Amino acid sequence: DAGIYTWDIVRNLVFADSALAELFGLDAAATVRGLPLEDYLARVHPDDRPQLAKKISEVLVADIAQQNTYRVEGRDGRYRMVAAFGRAFRDHSGSPILYSGIVVPLAEREHQGSLTH
C-alpha cells in the first residue's frame, strides 16, 4: 500500500501512516508520533541515499515538486523499489516549514534486478 507523510521541517519530525512504516520497516506507533528524517533515510539503500538527499534539498531550495524512485529496506531485510511524490509548503516569509507527500511501492516484477543488494 502507498504511505503518506508530513515532515515538520522546523522540528525535524516526519509523521507517517502505518503503510509508510511498513514500507520503511519502522514501528507504526512511532511513525504516527513522528520520527526524525534521518530514521527514514537510514532505511534507504546506501547507493540511493545521496541522490535522494540531493533531491530533497533541491525541492526545498527551488520550491519544486519531488518525483523520484529509490529502494527502501523493509523489516524482512529486502529492498523494495518505491516512487515518491512530495512538495514543501512555506510560511508567509517564504521559509519551508512542511513537506508532505506519498510513497508508492512499485511492482516487484518491474524492478527484479533492483530489489536486493
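1. I4, F85 and I102 together make a nonpolar patch of about 230 Å². Keep in mind that this is a predicted model. Of these residues, F85 sits in strand β4, which covers residues 79-90.

2. Next, the aromatics. Searching the whole structure turns up three aromatic pairs. One of them is Y5 with Y99, a stacked pair whose centres are 6.4 Å apart, with 20 degrees between the planes. Y5 belongs to strand β1 (residues 3-8) and Y99 to strand β5 (residues 96-105), so this pair ties together parts that lie 94 residues apart in sequence.

3. How covered are those two rings? Y5 has 12% relative accessibility and therefore counts as buried. Y99 is buried as well, at 2% relative accessibility.

4. Y99 has another partner. The ring centres of W7 and Y99 are 5.7 Å apart and the planes meet at 55 degrees, so this pair goes down as tilted. Here too, distant parts of the chain are linked: W7 is in strand β1 and Y99 in strand β5, 92 residues apart. Both W7 and Y99 are buried.

5. Now for helix α4, which spans residues 49-62 and holds K55. What is the nearest side chain of opposite charge to K55, and how far away is it? It is E58, at 4.4 Å. The cut-off for a salt bridge is 4 Å, nitrogen to carboxyl oxygen, and K55 has no salt bridge even though K55 is buried. If you skip the neighbours within four places in sequence, K55 is in contact with Q66, Q67 and N68. I'd have a look at that spot in the viewer.

6. Staying in helix α4, we come to L60. Is L60 buried or exposed? With a relative accessible area of 19%, L60 is buried; the cut-off for that label is under 20%. Again leaving out neighbours within four places in sequence, L60 is in contact with W7, I9, A88, R90, P96 and Y99.

7. One last distance, for orientation. L60 and A30 are 30 residues apart in sequence, and their C-alpha atoms are 25 Å apart in space.

Methods
Residues numbered from 1 in each chain as written. Predicted model: local features only at pLDDT ≥ 70, side-chain atom pairs only at ≥ 80, totals over all residues. Heavy atoms only, no water. Patch = residues over 30% accessible without salt bridge, like charges linked within 9 Å, V, L, I, M, F, W, Y side chains within 5 Å. Areas by Shrake-Rupley, 256 points an atom, 1.4 Å probe, with all protein chains shown as cover. Helix = DSSP H or I, 4+ residues; strand = E, 2+ residues; numbered from the N terminus. Phe/Tyr/Trp six-rings, centres within 6.5 Å; stacked < 30°, edge-to-face > 60°. Buried < 20%, exposed > 50% of the residue type's maximum accessible area, 1.4 Å probe, protein only. Lys, Arg positive; Asp, Glu negative; His and termini not counted. Contact = heavy atoms within 4.5 Å.
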